[in-house]
Amino acid sequence: MLENFGRRHVISAVILVVVIVSFPQINKLWLESTEEVRSSLITTENNTHYGLPSEWENKQVICIHFPVDDVTSNMTASNFTEGRTYLDVSGSEILIDENSEGMVNYSEDRTTGVCVGGFENYTAGFNFMLEATNVTNGDLEVGYDDGDWGPYVHTIAGLNANELTGNFTGAYWALYHNGAMSDVGIGDLVMLENSVIVWKIATW
Amino acid sequence: MVAYHVFDLNPVASVLLNLSLLGVICWSLLKIEKNYSNGHKFIILGLLALLGIVGRILMSPIPNVQPVTVIVLLAGIRMGAKESIFLASIIALFSNLILGNGVWTIYQAAAWSIIGCSGALFSNKLDTSMKLILFAGASGVLFNWFVSLSILHSVGFDMLMPYLIVGIPYDLLHVVGNITFMIWLSNPLTEIMSRKIENNLNFEVSEYEPKPF
């Protein structure tokens, strides 16, 4: 049966064992070196969806940025502390961008965060925000007060801007719409079909 | 209640254990075949199916290193397309009863069938061992990419390319595994597959005349 057993048998078995043993390293190297090619994130600058998954192009997205500076080290959004997490309309994870530093939307600060996107046909900003954050089963719960000028958001994902302390007078959740600071509150914001709304902590 | 069987084998130990089990099974099956098989196609097909199923299950701790691709490829070359389709489907179905059944089963069966059929198609051209080895290596990539299409049931088309790129080290494993299995299995399996019926296995009912009372 093995009458033709020869050099080839030995060499092939040795190579196979070497490949199997070094496979974890090969795989790790490969994943690191192909990260940019594999990324399905939108990389055209000036696109309202820059840095977001390409399947969200022209759809509605909400992002929440959690600062990781020592300024706000008492933040509590502990579920989303690694890079940026992208969730689809059902709350399922699409991917986690662990090196989100180069991909941070509308912010020069290093942040971690979460984006929920792929929505369509929302018109009222506040309704969109509540429904989109609701897909995470409470991880992104929104706390707000009803004020004279509509809802005032003070807490997202357990991070209450009013309770932040640090080298500043006060902090608040700031609203951005398609790359610019929104000139209306979330209660008056009219959604476009390609709206990306971003919440991040601002200080004064 | 104490579960005596629950203890952690480290991965290397479990692979070695499985490999020795596989070795014993292969050795004994091939011995049995040599002693008892008269070259009837059904017996040989059953034996090859068993080898593929057992081989795939026992090698499963190492992703993509399994003898099935080489078995169906050789079956296509030495026996024919229909035989390889039978083996591909039976092996995919029965090994996935243990490894996990799903929509990918049909893709695996189809991919192995395609490999077997292309082996049958090019059987005249695959006349040197080097060509066999190269063909076995290429089948690994073909198989992986074909089965990867099954992710399109759950994600969009634009996720396919990143998925294939992530899988390339796994393709490499399949290629190296196939080449090794081809070198090791080509001769013994070819010997079994090309055995002609040597002595008649008598399936016919022998006629006898009942004695009158």
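This is a predicted model: local features need pLDDT of at least 70, side-chain atom pairs count only at pLDDT 80 or more; totals for chains, interfaces and linings use all residues.
Residues are numbered from 1 along each chain as its sequence is written, and chains are lettered from A in the order in which they are written.

**Figure 1. Overall composition of chain A.** Chain A contains four helices and 10 strands. Helices (H or I, at least four residues) and strands (E, at least two) are DSSP runs, numbered from the N terminus. Read from the N terminus, the order of elements is α-α-α-β-β-β-β-α-β-β-β-β-β-β. Of the 204 residues in chain A, 45% are buried; buried means under 20% relative accessible area, exposed over 50%, and partly exposed in between, with a 1.4 Å probe and protein chains only. Among contacts in chain A between residues at least 6 apart in sequence, 62% join residues at least 24 apart, where contact means heavy atoms within 4.5 Å. Chain A exposes about 11000 Å², and carbon and sulfur atoms supply 50% of this area. Accessible areas come from the Shrake-Rupley method with a 1.4 Å probe, and for residues only the protein chains shown count as cover.

**Figure 2. The interface of chain B and chain A.** The size of an interface is often given as the accessible area lost when the parts come together. Here chain B and chain A bury about 2200 Å² between them, 75% of it on carbon and sulfur atoms; buried area is the accessible area (1.4 Å probe) that two parts lose on being put together, summed over both. On the side of chain B that touches chain A, helices H1 (11-36), H6 (129-148), H7 (160-166) and H8 each supply at least two residues. The largest share of that side, 13 residues, comes from H8 of chain B. In total, 25 residues of chain B are in contact with 23 residues of chain A. Six residue pairs, both members at pLDDT 80 or more, are in polar contact across the interface. A polar contact is a pair of N or O atoms within 3.5 Å; within protein, one must be able to donate a hydrogen and the other to accept it, and residues adjacent in sequence count only if both atoms are side-chain atoms. The count of salt bridges between the two chains is zero.

**Figure 3. A nonpolar surface patch with residues from both chains.** A:Phe5, A:Val10, A:Val14, A:Val18 and B:Trp184 make a nonpolar patch of about 430 Å². Patches are made of residues with over 30% relative accessible area and no salt bridge: like charges are joined within 9 Å, and nonpolar side chains (Val, Leu, Ile, Met, Phe, Trp, Tyr) within 5 Å. Helix H1 (residues 7-21) of chain A gives the most to the patch, with three residues. B:Trp184 lies in helix H8 (residues 168-193) of chain B and is partly exposed, at 31% relative accessibility.

**Figure 4. Salt bridges within the chains.** Side chains of opposite charge can pair when their charged atoms come close. A salt bridge is a side-chain nitrogen of Lys or Arg within 4 Å of a carboxyl oxygen of Asp or Glu, and the whole structure holds three of them. In one, the closest N and O atoms of A:Lys28 and A:Glu32 are 3.6 Å apart. These two residues are separated by about one helical turn because they stand four residues apart in helix H2 (residues 23-33) of chain A. Another joins B:Glu83 and B:Lys41 at 2.5 Å, N to O. B:Glu83 lies in helix H4 (residues 81-99) and B:Lys41 in helix H2 (residues 41-58) of chain B, so the pair ties together parts 42 residues apart in sequence. B:Glu83 is buried, at 10% relative accessible area, whereas B:Lys41 is partly exposed, at 41%. B:Lys131 and B:Asp127 also form a salt bridge (3.1 Å, N to O).

**Figure 5. The surroundings of A:His177.** A:His177 belongs to strand S8 (residues 171-177) of chain A and is buried, at 16% relative accessibility. Its side chain makes a polar contact with the side chain of A:Ser195 (2.7 Å). Not counting residues up to four places away in sequence, A:His177 touches several residues, among them A:Ser182, A:Leu189 and A:Ile197.

Methods:
Side-chain values use heavy atoms; hydrogens and water are left out.
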